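These are my notebook entries on one predicted model. I record below what I looked up, entry by entry.

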Amino acid sequence: MEEGGGGVRSLVPGGPVLLVLCGLLEASGGGRALPQLSDDIPFRVNWPGTEFSLPTTGVLYKEDNYVIMTTAHKEKYKCILPLVTSGDEGVGWWKYEFCYGKHVHQYHEDKDSGKTSVVVGTWNQEEHIEWAKKNTARAYHLQDDGTQTVRMVSHFYGNGDICDITDKPRQVTVKLKCKESDSPHAVTVYMLEPHSCQYILGVESPVICKILDTADENGLLSLPN
């Protein structure tokens with residue numbers, strides 16, 4: 001892409017402008033944060049093609065709410081930003097409920113329509129083990145003395161509610177990561193959606209550090225009763 005005539009145009013006459021939807025969310029459950037860029041989380045830009053329309057549900061966007069991003073190669077992209085609403089307006093923030101070994105729910109509460117809840121994923125150990133055969137379920141950290149400790153485990157929760165975009169069940173990968181903190185019970189939670197209705201839920205806490213070394217080759221943890 002290049003800039004010309006005060007705007008952004010395609011290098012190919014009549015070609016479409018690449019639109020990048022920049023996500024914004026608030027997660028609940030003891031902490032609110034957006035993660036720093038990390039190799040632990042896969043990010044991918046999907047080219048939507050010429051027939052692209054903005055989503056009408058979930059986080060909302062407007063064509064005139066954007067910034068122009070320039071790459072190191074001087075390519076220019078139009079990045080459409082989500083609309084930010086105050087806590088008192090009808091849309092509200094999406095929040096997430098994570099129950100280990102059971103489910104992940106997404107919901108929002110509105111003063112007019114009440115609470116709307118969506119099942120993002122449910123736990124099935126057999127399905128997770130099949131997923132773990134093709135994905136990294138247990139990641140290590142190399143200590144200064146050369147020993148390895150488990151740094152993060154990933155669990156697959158599938159069979160969520162049917163997605164109105166893909167007509168397939170929603171699914172989520174839950175990443176449990178050790179994160180040192182001055183507060184022993186601090187929890188940081190974030191949610192990403194790298195693909196439509198395919199989510200990544202990150203949970204980081206000092207509490208997790210104590211149990212990660214119990215993870216087996218499938219990332220399954222041995223928890224006290």
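**Entry 1: salt bridges**

I first looked up glutamate 130 and lysine 133, whose side chains meet in a salt bridge at 2.9 Å, N to O. I took a salt bridge to be a side-chain nitrogen of Lys or Arg within 4 Å of a carboxyl oxygen of Asp or Glu. By this rule I count 2 salt bridges. Glutamate 130 is partly exposed, because its relative accessibility is 45%, and lysine 133 is exposed at 59%. For these words I used relative accessible area: buried is under 20%, exposed is over 50%, and partly exposed is in between (1.4 Å probe, protein chains only).

I then looked up glutamate 204 and lysine 179, which form a salt bridge with their closest N and O atoms 3.9 Å apart. This pair links distant parts of the chain, 25 residues apart: glutamate 204 lies in strand S13, and lysine 179 in the loop between S11 and strand S12 (188-195). Helices (H or I, at least four residues) and strands (E, at least two) are DSSP runs, numbered from the N terminus. Glutamate 204 is buried, with a relative accessible area of 13%, whereas lysine 179 is partly exposed at 36%.

**Entry 2: strand S11**

I asked how many of the 8 residues of strand S11 (residues 171-178) are buried. The number is 6, so the strand is largely enclosed by the rest of the structure. I treated two strands as paired if DSSP finds at least two bridges between them. Strand S10 (residues 148-158) is joined to S11 by 6 bridges, and the two run antiparallel. S11 and strand S13 (residues 198-205) run parallel and are joined by 8 bridges. Valine 172 in S11 stands opposite tyrosine 157, and its bridge partner in S13 is tyrosine 199.

**Entry 3: histidine 105**

I found histidine 105 in strand S7 (residues 103-110). Histidine 105 counts as buried because its relative accessibility is 19%. Beyond neighbours within four places in sequence, its contacts (heavy atoms within 4.5 Å) include Lys95, Glu97 and Val119.

**Entry 4: confidence and conventions**

I noted the pLDDT, the predictor's confidence in each residue, from 0 to 100. The chain has a mean of 74, and 67% of its residues reach 70 or more. Under 50 lie residues 1-37. Where pLDDT is low, the predicted coordinates should not be read in detail.

Residues are numbered from 1 along each chain as its sequence is written, and side-chain values use heavy atoms, with hydrogens and water left out. In this predicted model, local features need pLDDT of at least 70 and side-chain atom pairs count only at 80 or more, while totals for chains, interfaces and linings use all residues.
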